[in-house]
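Subject: Structure for you to look at

Hello,

Please find the structure below, with my notes after it. Keep it open while you read, and look up each residue as it comes up.

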Amino acid sequence: MEKLSDELKQKLAAVEENYKIIEENISKAAEKSGRTRGDITFLAATKTVEPTVINHAISLGLSYIGENRVQELLSKYDSYDLTHADLQFIGHLQSNKVRQIIDKVSLIQSVDSVKLANEVARQAKLHGKTMDILIEVNVGREENKSGVVPEKLDELLGEIAEIDGIFVKGLMAIPPICDKKSEICKYFELMHKIFIDISGKKSDNVSMDILSMGMSDDYEEAILCGANMVRVGSSLFGKRNYF
Ligand SMILES: *Cc1c(COP(=O)(O)O)cnc(C)c1O
């Protein structure tokens, strides 16, 4: 066993403490919303976090990790301990990079165009698999933000549902930054409404199982509004140091 520096030891201890707190908060929010801890997926957003720290979180029971950047995912890939954890892609994805991650992730949360869906499907088929995806919704209709705007979602889903090689498992959203919790809740509630509306419509390659929304500052609110997956980064790992 390599000798850990004091700094790293402290970091791991902090992650352990944070992990317990987040677990507890998720449980409480789940119960408040009439569900249980088991109904909510806790995914850790691991951008900028070194694999030693990520693996420590996995050893505590963390079962889902998500990366945002293809290069970073590839550089860390051999160091993750994925025996008991699932690796997903949560960031903006360019079609020409799909090939590099298709055999490494279990879910791509950020599909927002037919072009990207087609490339994911094409690469999935080359690997003899069906890729699970979420559709990213730009719920705040923000310019320069990824995701399909709500009014175009039905049309996009219709086209994507026809594509062989992918399976739509749900929706993902990153709402605008809001000063007040009540403001962000409006976006979470809108997402939940859209999620429920689509669930009511039957479609072959679509099953609305996952509603992925809520991050460090607002994951409890997101759960109260109906999220069943939260993506938490800095509350678990501490403030990010970009490299
Ligand atoms: C970084 C990131 C998160 C987590 O953000 P925090 O505020 O650090 O919890 C969640 N989702 C996506 C897509 C991210 O890039």
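**Alanine 222 and helix H8**

Alanine 222 belongs to helix H8, which covers residues 219–224. Keep in mind that the model is a predicted one. Is alanine 222 buried or exposed? The relative accessible area of alanine 222 is 0%, and buried means under 20%, so alanine 222 is buried. Leucine 211 is 11 residues away from alanine 222 along the chain, and the two C-alpha atoms are separated by 9.7 Å.

**The ligand**

The ligand sits in the largest pocket. Which residues surround the ligand? They are Ala45, Lys47, Asn68, Ile90, Ile174, Met215, Ser216, Arg231, Val232, Gly233, Ser234 and Arg240. By type, this shell holds five nonpolar, four polar and three charged residues.

- Asparagine 68 has a polar side-chain atom 2.5 Å from an oxygen atom of the ligand.
- Serine 216 has an N or O atom in its side chain that is 2.5 Å from an oxygen atom of the ligand.
- Arginine 231 has an N or O atom in its side chain that is 2.8 Å from a nitrogen atom of the ligand.

The ligand taken alone exposes 380 Å², and the protein buries 89% of that.

**Two loop residues with positive phi**

Threonine 48 is found in the loop that runs between strand S1 (41–45) and helix H2 (51–60). Its phi is near 70 degrees, which is a positive value in a residue other than glycine. Asparagine 144 also has a positive phi without being glycine, with a value near 60 degrees. The loop that holds asparagine 144 lies between strand S5 (131–137) and helix H6 (150–161).

Asparagine 144 has a relative accessibility of 83%; exposed means over 50%, so asparagine 144 counts as exposed.

**Serine 75**

Serine 75 is part of helix H3, made of residues 70–76. At 57% relative accessibility, serine 75 counts as exposed. What does the side chain of serine 75 reach? It reaches the backbone oxygen of glutamate 72, at 3.0 Å. Serine 216, which was named above for its atom 2.5 Å from the ligand, is 141 residues from serine 75 along the chain, and their C-alpha atoms are separated by 25 Å.

Histidine 127 is placed in the loop between helix H5 (114–126) and S5. The relative accessible area of histidine 127 is 40%, so this residue is partly exposed.

Isoleucine 22 lies in helix H1, residues 6–32. With a relative accessible area of 2%, isoleucine 22 is buried. In sequence, isoleucine 22 and leucine 236 are 214 residues apart, while in space they are 7.5 Å apart, C-alpha to C-alpha.

Regards

Methods
Residues numbered from 1 in each chain as written. Predicted model: local features only at pLDDT ≥ 70, side-chain atom pairs only at ≥ 80, totals over all residues. Heavy atoms only, no water. Near = heavy atom within 4 Å. Polar contact = N/O pair within 3.5 Å; in protein donor to acceptor, adjacent residues only side chain to side chain. Areas by Shrake-Rupley, 256 points an atom, 1.4 Å probe, with all protein chains shown as cover. 1 Å grid on protein atoms, 1.4 Å probe; cavity = no way out; pocket = protein on both sides within 12 Å on 5 of 7 lines; lining within 4 Å. Sits in = over half its atoms within 2 Å of the grid points. Nonpolar A, V, L, I, M, F, W, Y, C, P; charged D, E, K, R; others polar. Helix = DSSP H or I, 4+ residues; strand = E, 2+ residues; numbered from the N terminus. Buried < 20%, exposed > 50% of the residue type's maximum accessible area, 1.4 Å probe, protein only.
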